[in-house]
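Welcome to a short tour of a protein model. Please look over the sequence and the structure below, and then we will walk through them together.

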Amino acid sequence: MSSKIFVNQTSAWMRRAGYLSILLLLLCLFAKGQRKNWPHLIDLSGTWQFRIDSLDKGEAEGWFNNDFGETIALPGSMTTNNKGNDISLTTPWTGQIVDSSWFFDPGYAAYRQPGNIKIPFWLQPVKYYKGAAWYQKEVNIPADWKGRPIELSIERAHWETTVWVDGQKAGSENSLSTAHVYDLSRLLPPGRHRVSIRVDNRTKEVNVGMNSHSITDHTQGNWNGMIGKIQLIEKPLIYLEDVQVFPDIKNNRINVRVRVVNRSKIKTSVTLNVSAQTTGGANSVKLAPMNKTLEVPVDSSTVELQYGMGSDPMLWDEFHPNLYKLTVLMKSATGKPDTQSSRKEVQFGMRAFTTSGTQFIINGRKTFLRGTLECAIFPLTGYPPTDKAAWSRIFKIARAYGLNHMRFHSWCPPEAAFAAADEAGFYLQVECGSWANSGATVGDGKPLDAYLYRESNRIVAAYGNHPSFCMMAYGNEPAGEHLTDYLTRFVQYWKEKDPRRLYTTAAGWPVIAESDYNSTPDPRIQAWGSGLKSIINAKPPNTAYDWRNIIAKWQHPTVSHEIGQWCVYPDFKEIKDYTGVMKAKNFEIFQDKLNNSGLGNLADSFLLASGKLQVLCYKADIEAALRTPGFGGFQLLDLHDFPGQGTALVGVLSPFWKEKGYVTSDQYSRFCNAVVPLARLPKMVWLNNETLNAKIEIANFGMASLSAIKPTWTLQDQNGNKIKSGVLPVTDIALGNDIQLGAIQVPLNNIRKASELTLTVRVGQHQNSWQVFVYPAETPALHDILVTQQLNQKALATLASGGKVLLSIKKGMLREDKGEKIPIGFSSIFWNTAWTHGQPPHSLGILCNPKHPALADFPTDYYASWQWWDGMSHSSAIELDSVSNAIRPIVRVIDDWVTARSLGLIFECKVGAGKLIVTGIDLIRDEKNRPEARQLKYSLMHYMESDSFDPAVEVPVRKITSLFKAE
């Protein structure tokens, strides 16, 4: 080698060495500078080793010292990683999942399985596992973390975790609502370490209740895994552990509680720099900072201070979700790099959510809760999202439907939900993960009693600064011999400890004086056990009632618990949306049942027709609440479907928060909103010799009172032609409800034929509408039709001679196996027939062709509106297959999706030489007091007199006579 080459190579090497030295120096300087920006994080998301411990022997055998043979991706669950047990239909999975409702069908054809098979009425996971599972990861602790506090934080685990580091046990956590946090300072010196985490999703000592949505398979699924942020966190020796903000809008300030932890082993002095600014990005407003110096002993110290928010702070509510960011910067007087600074940023809102008498107050202004439930329904993952975008979408949809409130039924959502609700201006009711039922009780000295205090403290510590966190309850519908005493103390404890929100004993019951508000199933239109006795089924339709007499006995606000629960037919098009870990096997079963009944082509029609009835029922429920003076609000069950507990298709939206095609958010929000015009109509069906009358009022829970408002109204026919219109007196509208705007009176004598009319009231930009029906007081006599309630000799002779017979079956005359046993009513099914143990009705309204000539004088849409209340209340369904499977009825009853029978309300056929219309509606009984029955009978007879009456299906007379009970 020449000396020249050697010199050149040496020079190049020296240049590279110099560059490396400079780079290393810069990195060191950068690292030193970064030491001030605590905390430092190691993200543990990614691939972990994994092992199932189905025999529960891993701890005894020291699995934490071994490598595992499988891998798993976290954040995630066993199910999202396709791990666990296969689901077998021939071996029902009752040992893995618990429920009281099962589909039972001998030799279920769709799965070609012999024998009796039980299949659950809820979403089915692709895999299922209940027990212990192990997760393991190698971590490398940097040298500069030496001697400093290190925490392991698992944002959400399901549900009990136990942690080992290099074979040493660090402890266990079992929160269902907050992060599992472990102090691993002594176990993680610099270098490589093995972290092993055992996750157990079984119910053990602490039993929150098997149906609690924090753990139930009905909704999110009883998953095993870890989601959200999984991190190792390094902190300085002196650090800010917690900052809690208590807004005081009366005095334009916040009270701040700061907890400082000192692990430096010496008493020291620290300076807190506190500042706040709005979260408006580039346009944010910064408030003047303040400093506070305090002595911090070894261990920890809590300091309380007051911070002024200026003379006119921006308040937070549903209309103005203004947010502030509070920054607390702590500097230590020691000057040592590992103790020098710590920083916390907290989002908060200036708001006071209180009560006055029987109403809720937000920042001194009346508000009305228009809420829905969230029951941890996330079919794609089987667990709740931990990203804000997913929750922002949900709140945006709920807002579009006029809501301002969400109750988390027996569970608490992740941090992201609170952050999204803050920005959306939503009032949240959070629950501590329990529905004490099915063996679980509160107040009886079981481990759950102490757990609820621990869990509620964790929830408030983690999420208490969020302005959206307005209400809290232990959980849902408790059981226990001593539950009232226990829950009374629980409420008292929290009212004294943290005044930032309101507290109640439980969702549902009991009602106690110590609660800030009641959560009770009364009042609402229909409840468990009411069935056909409820006001919507037992009383002629009207909009004049409210709940003032029910709530009069209570002195604080009442929120009606789980109102609605009105069902709709399954939307089988949703099946394709289940692309994640939960599969709609329940929908597949229902679709097979419908197809096997020969009605598969009607699935979409059943959906739309039952959906229109469902919306009508919800409109009645919500408007009754809005009409009630002094009422606090309602919580729907639900705006979207509940996939468990027998399959409760109670939502106008799917479990994915998607529209189903029969109502839009704009239509729904006309009767469900902050400002809603209301009409008190004494009845919905009128005669043309009467005067339609209605009292018009408004519920105004908007931003402010309204000045110089001129309400207007219009009465139109089905073609949009104006029958009558008017203007009500100009008025100022205060905040509240039961605010009278005036009265409407419209003589109906100019309406000559049966008509469906729409009454619309407009108040400023707000409008609401109601369907009313007007029939002639007198109808022409028709003589060529024999009307009978039984196939007697005269009727048989008329048919034999080629005559026409209208057979109006008297309720109770059908044989039970021909339809008499099927309980039908006007409303749709409540919750479902499985979990309500067959509560009536078992029908979902009617389906008809509104252009059929038989209905020409009985105006109708293709679905049931108020004019069908009388018919559905005086009828029996007829099982059409017992007559002829070729019959296409004039009016069909939509059956429960579980039984999927072909049911007729009105059908026509040829019998011998004659023609027959059979109606399951008794059109004869008390006819003079039933204008709908008279009009429908006239419409059918008018059709029968025409040349259009020419039934296509011929039925033997014995098939008709066999419908009736033996005399």
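The protein chain holds 14 helices and 50 strands; here helices (H or I, at least four residues) and strands (E, at least two) are DSSP runs, numbered from the N terminus. This is a predicted model, in which local features need pLDDT of at least 70, side-chain atom pairs count only at pLDDT 80 or more, and totals for chains, interfaces and linings use all residues. Residues are numbered from 1 along each chain as its sequence is written, and side-chain values use heavy atoms, with hydrogens and water left out.

**The chain as a whole**

Along the principal axes, the C-alpha atoms fill a box of roughly 125 × 70 × 70 Å. Of the 967 residues in the protein chain, 58% are buried, where buried means under 20% relative accessible area, exposed over 50%, and partly exposed in between (1.4 Å probe, protein chains only). A contact means heavy atoms within 4.5 Å. Among contacts in the protein chain between residues at least 6 apart in sequence, 73% join residues at least 24 apart.

The pLDDT is the predictor's confidence in each residue, from 0 to 100. Its mean over the protein chain is 92, and 92% of the residues reach 70 or more. Residues 1-36 have a pLDDT below 50, and this stretch makes 10 contacts in the model beyond near neighbours in sequence. Residues 90-118 also have a pLDDT below 50, with 69 contacts beyond near neighbours in sequence.

**The cores**

A nonpolar core is a set of buried Ala, Val, Leu, Ile, Met, Phe, Trp, Tyr and Cys residues joined through side-chain atoms within 4.5 Å. Which residues touch the most other members of the largest core? They are Trp 391, Tyr 668, Trp 868 and Leu 905, in a core of 188 residues. Helix H9 (residues 603-627) gives this core its largest share, 14 residues. Leaving aside residues up to four places away in sequence, Trp 868 touches several residues, among them Phe 826, Tyr 863, Leu 905 and Leu 936. A second, separate core has 29 residues, including Ile 42, Trp 48, Met 226 and Leu 232.

S1 runs antiparallel to strand S14 (residues 225-234), joined to it by four bridges; two strands pair if DSSP finds at least two bridges between them. Asp 43 stands opposite Gln 231 in S14.

**Two helices to compare**

Gly 425, which follows H3, has a positive phi near 75°.

S28 is itself largely enclosed by the rest of the structure, because eight of its eight residues are buried. S27 and S28 run parallel and are joined by six bridges, with Ala 473 in S28 as the bridge partner of Glu 431.

Helix H8 (residues 585-596) has 12 residues and reaches 16 Å from its first C-alpha to its last, close to the 16 Å expected at 1.5 Å a residue; the expected span is 1.5 Å times one less than the number of residues. The buried residues of H8 are Asn 586, Phe 587, Ile 589, Phe 590 and Leu 594. They lie on the same side of H8, because they cover an arc of only 160° around the axis; that arc is taken from the directions from the helix axis to the C-beta atoms.

**Backbone details**

| Residue | Phi | Relative accessibility |
|---|---|---|
| Trp 657 | near 65° | 4% |
| Trp 831 | near 65° | 2% |

Trp 657 sits in the loop between strand S33 (633-637) and helix H10 (665-668). Trp 831 lies in the loop between S45 and S46, and the loop between strand S45 (804-808) and strand S46 (843-848) also holds Pro 841. The peptide bond from Pro 840 to Pro 841 is cis, with omega near 0°. Another cis peptide bond runs from Asp 522 to Pro 523, with omega near 25°.
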